[in-house]
Amino acid sequence: AVLILLGPPGAGKGTQARMLEDRFGLVQLSTGDLLRAAVAAGTPAGLAAKTVMEAGGLVSDEIVLAILKDRMAEPDTARGVILDGFPRTAGQAEALDRLLAEAGGRVTAAISLEVDDAAMVGRVSGRYTCAGCGEGYHDEFKLPATAGTCDKCGGTAFKRRADDNAETVRARLQAYHAQTAPLIAHYRAMGVLETIDAMGPIESIAEGLGTIVGRVS
Ligand code: AP5
Ligand code: ZN
C-alpha cells in the first residue's frame, strides 16, 4: 500500500504516521525527517535545503524527489509506505504517480487531515521530540508519563526544531495553502481521497485513521 497523509504543519501527520507504522507494519517516510538528516549531515542537498526550511518555504522539487527516490529504493518500503509530508506540490504528485506507475502501482489512498489553522501555531510551537528514538511530545497535549523521561526508550534528552516558532509556522501554513492544498483535488479526481476531522484527541483520530487504512489496504 502507498498511503499519503496530507495536512498543514501541526495537523498530526508525523504523530499519526508513527502510530500507523506500529499498527499496520508499514514504513513511515517523512521528507521533512529525510531533509533534516541531510541538513545535519551537511550534504550538498542539506546545505541547499537549510535556509529554505528555516524560513518556512518549500525545498525544490529536484532535491526532494532525489531524496524520496533514494528512500523508496530501499527494500523495507516493499511492506508498504505512509508518506508524511510528501507530495507537497503538483510537480511532486505527478512525479510520484509516474514513479509508482513504472512499477505497475498507484497511490492507494491520500488522507487529508482537516484542522483549524489557528490551532496549529500552538500545536507546533509546543512540540518536542526524544533525541534518542524520535518519539514526539507536546508541552501541553502529550507529556511523557514520567517527566523528563521518554515513554518509548527511557532517554532523557529532548530536542526542538529550528522552524517551530510562531513566525515560521505562519509561513509554513501559507506554503501549505498555496502549494499543497490543491493536491486534494488531484487525489479526489483519482478517486483515492479520504478525509478525516483531525481536531479531536490523538487517540480518536488514530482510531478513525485505522478504520480507513484497514478498509483501503
Ligand atoms: P515537515 O517536517 O514535513 O513539517 P510539517 O509539514 O510542517 O509538519 P509538522 O511536522 O510540523 O507537523 P505534523 O503534521 O507532522 O504534526 P505532528 O504530528 O508533529 O517539513 C518541514 C520543512 O521541510 C518544510 O517546511 C519544508 O521546508 C521542508 N519539506 C519537507 N517535505 C517537503 C517536500 N515534500 N517538499 C518541499 N519541502 C519539504 O504534531 C504537532 C504537535 O501537535 C506535536 O507536538 C503533537 O504531539 C501534537 N498533536 C498532534 N496531534 C494532536 C491532536 N490531535 N491534538 C493535540 N495535539 C496534537
Ligand atoms: Zn525515546
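Me: How many disulfides does a search of the whole structure find?

Reply: This is a predicted model, where local features need pLDDT of at least 70 and side-chain atom pairs count only at pLDDT 80 or more, while totals for chains, interfaces and linings use all residues. Residues are numbered from 1 along each chain as its sequence is written, chains are lettered from A and ligands numbered from 1 in the order in which they are written, and side-chain values use heavy atoms, leaving out hydrogens and water. A disulfide here is a pair of cysteine sulfur atoms within 2.5 Å, and the number found in the whole structure is 0.

Me: What is the relative accessible area of C153?

Reply: Buried means under 20% relative accessible area, exposed over 50% and partly exposed in between (1.4 Å probe, protein chains only). C133 is partly exposed, at 38%. C153 is partly exposed as well, with a relative accessible area of 42%.

Me: And L68, is that buried or exposed?

Reply: L68 lies in helix α4; helices (H or I, at least four residues) and strands (E, at least two) are DSSP runs, numbered from the N terminus. L68 touches L29, T31, L83, F86 and L99 (heavy atoms within 4.5 Å), leaving aside residues up to four places away in sequence. Because its relative accessible area is 1%, L68 is buried.

Me: How many Å apart in space are L68 and I82?

Reply: Along the sequence, L68 and I82 are 14 residues apart. From C-alpha to C-alpha, their separation in space is 12 Å.

Me: Does R172 count as buried or exposed?

Reply: R172 sits in helix α7, residues 166-180. Beyond residues up to four places away in sequence, R172 touches P9, G56, V124, R127, R161, D163 and D164. Since the relative accessibility of R172 is 12%, this arginine counts as buried.

Me: What is the order of the strands in the open sheet?

Reply: Two strands pair if DSSP finds at least two bridges between them. Strand β5 (residues 127-130) is joined to β7 by 2 bridges, the two running antiparallel, and C130 stands opposite F158 in β7. The open sheet has 3 strands with antiparallel pairing, in the order β6-β5-β7. Each edge strand pairs on one side only, and these are β6 (136-138) and β7 (158-159).

Me: Which elements give two or more residues to the lining of the second largest pocket?

Reply: On a 1 Å grid over the protein atoms alone, a pocket is an open set of points with protein on both sides within 12 Å along at least five of seven lines, a cavity is a set where a 1.4 Å probe fits but cannot get out, and lining residues have an atom within 4 Å of a point. The second largest pocket is lined by 14 residues, with V2, M72, T77, L100 and A103 nearest its centre. Two or more lining residues come from each of α4 (61-72) and α5 (90-102).

Me: How much space lies in the largest cavity?

Reply: The structure holds 2 cavities of 30 Å³ or more. Lining the largest one are L5, L6, G7, K13, G85, F86, P87, R88, Y176 and T180, with at least two residues each from β1 (2-6) and α7. With grid points joined across faces, edges and corners, and volume taken as the space filled by probe spheres set on the points, the largest cavity holds about 40 Å³.

Me: Which element gives the most to the lining of the second largest cavity?

Reply: R127, Y128, T129, K159, R160, R161 and D164 line the second largest cavity. With 3 residues, the element that gives the most is β5.
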